[in-house]
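Please consult the sequence and the structure shown below while reading.

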Amino acid sequence: MKTVLCYGDSLTWGFNAEGPSRHDFADRWPSRLASGLGADARVIAEGLNGRTTIYDDNSVTEDRNGARTLPVFLSSHQPLDLVAIMLGTNDLKRNTGGGYAFPAKQGMERLVRIVQTFPFWEDFARPNILIVTPPVFRAARDANFEEMFGHARAESRRLASMYRELGDALGCHVFDAAEACETTPIDGIHLDAENTRRLGDALVPVVRRILDATAD
């Protein structure tokens, strides 16, 4: 059985802007991915609201710095066949990544390097890496989210090309979530139930090809 680790923020956790609340387990994109892959794969969802690539956020109790916590999950869930990283949204806040796409690219590079150099047990193969670019932002009806992310709508559209360049340079697979889903106008950055299902369904053939290419 293949094992896939989905490492991300609230989009992976399943934040529902209606409420706000959390999407039903079956609607979250890692759950849809698992359902589509079937019994031959195990999908581990590791999403945290507000998680960044490498930047600190001291406004909360939990550690949102993805670079600090990623090694823990690489170790606890090994052996892994694929690590899917969907981060960058929260790097576009002014108080974390400064509100620009390039720092998110730098942070994603650091995460990829962590996976590529992590000291997995000797008998375990190094996992493939799939970078999932977050969907582009839209104008938000929620005033607080518009204040946090409204300045970065144009920057969010730059992430796809930057992550593609990064994937080409570092030998990673890349998928742009905007090809399959769009954000809700409620807060401009999250996915409603239909769109998080769409993302999970769209990733099924992508992940299956990656896993099949590394089949024993």
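Phe137, Phe145 and Phe149 are linked by ring pairs into a cluster. The model is a predicted one. In total, 5 aromatic pairs are counted.

**Stacked pair**
- The ring centres of Trp121 and Phe124 lie 5.7 Å apart and their planes are at 5 degrees, so this pair is stacked.
- Planes under 30 degrees apart count as stacked, which is the cut-off that the pair of Trp121 and Phe124 meets with its 5 degrees.
- Trp121 is exposed, its relative accessible area being 59%, whereas Phe124 is partly exposed at 26%.

**Edge-to-face pair**
- Phe137 and Phe149 have ring centres 5.5 Å apart and planes at 80 degrees, so they form an edge-to-face pair.
- Because Phe137 lies in the loop between strand 6 (128-133) and helix 5 (143-149), while Phe149 belongs to helix 5, the pair ties together parts that are 12 residues apart in sequence.
- Phe137 and Phe149 are both buried.

- Asn90 is found in the loop between strand 5 (82-86) and helix 4 (101-117).
- With a relative accessible area of 4%, Asn90 is buried, because buried means under 20%.
- Leaving aside residues up to four places away in sequence, Asn90 touches Asp9, Gly50, Arg51, Thr52, Thr96 and Phe149.

Key. Residues are numbered from 1 along each chain as its sequence is written. This is a predicted model: local features need pLDDT of at least 70, side-chain atom pairs count only at pLDDT 80 or more; totals for chains, interfaces and linings use all residues. Side-chain values use heavy atoms; hydrogens and water are left out. Helices (H or I, at least four residues) and strands (E, at least two) are DSSP runs, numbered from the N terminus. Buried means under 20% relative accessible area, exposed over 50%, partly exposed in between (1.4 Å probe, protein chains only). Contact means heavy atoms within 4.5 Å. Rings of Phe, Tyr and Trp (its six-membered ring) pair if their centres lie within 6.5 Å; planes under 30 degrees apart count as stacked, over 60 as edge-to-face and the rest as tilted.
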